[in-house]
Amino acid sequence: MSHPARLAKPMAILCLALSLTSVVTGPTARADEATFQAFGGKAGLQSLMEDFMANLLADPRTRPFFEKANQTRVKAQLVDQFCQALGGPCQYKGLDMKSAHQGLPPITREHFNALVEDLQDAMDKHKVPFSAQNKLLAELAPLHRDIEH
């Protein structure tokens with residue numbers, strides 16, 4: 001599952017990612033074309049989503065949120081969302097995160113953290129460089145406010 005060098009708390013990882021991104025590349029560090037390419041472009045994101053979804057379904061903490069969902073649609077929307085967040089040419093056209101998660105069973109910080117762990121495992125499997133992972137996590141971290149309910 002999780003890499004042994006990782007911190008125990010995924011939100012701590014997100015905070016660390018935000019901090020490291022600022023320290024290493026300056027306070028305005030954002031995903032860009034190079035970061036997008038570090039993920040293998042859109043094809044790399046599509047491949048990443050296959051493993052990410054497999055991780056989410058294998059994880060008892062996240063499985064209930066994804067097992068009955070239209071997984072093909074979820075993966076396609078995540079590809080577009082991540083692609084846009086990474087500075088790629090895609091445009092996410094789905095619902096905002098608050099609306100998208102409304103009506104679902106309660107999503108806690110534990111669930112959000114589990115999703116982050118599953119994403120990190122998928123990124124590690126795809127050998128996404130740590131700096132590129134940090135940039136994506138920095139883009140996604142604020143979404144927890146709209147997802148948790």
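The model is a predicted one. Its protein chain is made up of nine helices and zero strands, and 44% of its 149 residues are buried. A disulfide is present too, and the structure holds one of them.

**Overall fold**

- Reading from the N terminus, the elements of the protein chain follow the order α-α-α-α-α-α-α-α-α.
- If you take the contacts in the protein chain between residues at least 6 apart in sequence, 76% of them join residues at least 24 apart.

**Helices α3 and α5**

- Helix α3 covers residues 41-58 and helix α5 covers residues 71-85; their axes come within 9 Å and cross at roughly 130 degrees.
- Angles over 145 degrees would count as roughly antiparallel and those from 65 to 115 as roughly perpendicular, so α3 and α5 are oblique to each other.
- The crossing in which α3 passes α5 is right-handed.
- On the α3 side, the residues in contact are Lys 42, Leu 45, Gln 46, Met 49, Glu 50, Phe 52, Met 53 and Leu 57.
- On the α5 side, they are Gln 71, Val 74, Lys 75, Leu 78, Val 79, Asp 80, Phe 82 and Cys 83.
- Sorted by class, the residues of this contact of α3 with α5 comprise 10 nonpolar, two polar and four charged.

**The disulfide**

- Cys 83, one of the α5 residues that meet α3, is also joined by a disulfide to Cys 90, with an S to S distance of 2.2 Å.
- The torsion about the S-S bond of Cys 83 and Cys 90 is about 75 degrees, which means that the disulfide is right-handed.
- As for accessibility, Cys 83 and Cys 90 are both buried.

**Helices α7 and α8**

- Helix α7 (residues 109-125) packs with helix α8 (residues 130-140) at an angle of about 155 degrees, and their axes are 11 Å apart.
- With over 145 degrees as the cut-off for roughly antiparallel, that angle makes α7 roughly antiparallel to α8.
- The handedness of the crossing of α7 and α8 is right-handed.
- From α7, the residues Phe 112, Val 116, Leu 119, Gln 120, Met 123 and Asp 124 take part in the contact, and from α8 they meet Gln 133, Leu 136, Leu 137 and Leu 140.
- The contact of α7 with α8 splits into seven nonpolar residues, two polar ones and one charged one.

Note on methods. Residues numbered from 1 in each chain as written. Predicted model: local features only at pLDDT ≥ 70, side-chain atom pairs only at ≥ 80, totals over all residues. Heavy atoms only, no water. Axes fitted to C-alpha atoms, helices over the stretch in contact; angles between N-to-C directions. Helix = DSSP H or I, 4+ residues; strand = E, 2+ residues; numbered from the N terminus. Parallel < 35°, antiparallel > 145°, perpendicular 65-115°, else oblique. Left-handed = near helix turned anticlockwise from the far one by under 90°. Contact = heavy atoms within 4.5 Å. Nonpolar A, V, L, I, M, F, W, Y, C, P; charged D, E, K, R; others polar. Disulfide = S-S within 2.5 Å. Buried < 20%, exposed > 50% of the residue type's maximum accessible area, 1.4 Å probe, protein only.
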